[in-house]
Amino acid sequence: MPIATLHPIEGRSDEELAQDARRGDQQALEALLRRHHDRLHALCWRMTGNRADAADATQEALIAITRGLPRYDARARFGTWAYRVAVNACIDELRKRRRRPEPMEAAQLGEKGLLDRSDREQRGPDAGVVDRIVIDDALRALNPEFRAAVVLRDLCGLEYAEIAEVLDVPIGTVRSRLARGRGALADRLGGNQRPTGDRPRPDDA
């Protein structure tokens, strides 16, 4: 009968891996970063709106997480803390962007920044993809504070209390930013579309 491994890396919690990583366990660190890479990249993509900036922000977030592990005290879930680090990395990347030319993929969306309805209709079966591009572009136009609230709630699925932890603001501020962000997003989308993943929830009241 084979001897089972006492603590397989992939079966351990984030907090356990973080604790081991703080002690210098390289395997635990690599497993932790690998486990959260895709969701952090998805957050960075939605926050920054283009591949290059998302890749840079994700890389900076992973570096900041690695360097910040000694200060992680497990009072918040590791995933929540990692989101906070990633949001800050995205905000830093957005500040840097102001000093750079607009990326081509954003410029190609048109003078107003949004593809019009006739363009979406002409694309036929690809309309779903184009709609996602339109939403991404509308998100890019939001104030970063509102964008973060919308992305964390409607696309990452975090609860209000978690978003409050990530953004380090009261829940009331989260609700205000989310309402204003959704309103601005709806205005840019013509009031006919909502972010993918937005569903009414009990704590939306």
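## Salt bridges in the predicted model

D14 is buried, at a relative accessible area of 15%, where buried means under 20% relative accessible area, exposed over 50%, and partly exposed in between (1.4 Å probe, protein chains only). The model is predicted, so local features need pLDDT of at least 70 and side-chain atom pairs count only at pLDDT 80 or more, while totals for chains, interfaces and linings use all residues. Residues are numbered from 1 along each chain as its sequence is written, and side-chain values use heavy atoms, with hydrogens and water left out.

Ten salt bridges are found in a search of the whole structure, each a side-chain nitrogen of Lys or Arg within 4 Å of a carboxyl oxygen of Asp or Glu.

| Pair | N to O distance |
|---|---|
| R35 and D14 | 2.7 Å |
| R23 and D20 | 3.5 Å |
| D154 and R182 | 2.6 Å |

D154 in helix α8 (residues 144-155) and R182 in helix α10 (residues 171-188) lie 28 residues apart, and their pairing links distant parts of the chain. Both D154 and R182 are buried. Salt bridges with shared partners connect R12, E16, D20 and R23 in one network. Within that group, R23 is exposed at 62% relative accessible area, whereas D20 is buried at 12%.

The salt bridge between R35 and D14 also links distant parts of the chain, with R35 in helix α2 (residues 26-48) and D14 in helix α1 (residues 14-22), 21 residues apart. R35 is partly exposed, at 23% relative accessibility. Helices are DSSP runs (H or I, at least four residues), numbered from the N terminus.

Definitions and conventions
Helices (H or I, at least four residues) and strands (E, at least two) are DSSP runs, numbered from the N terminus.
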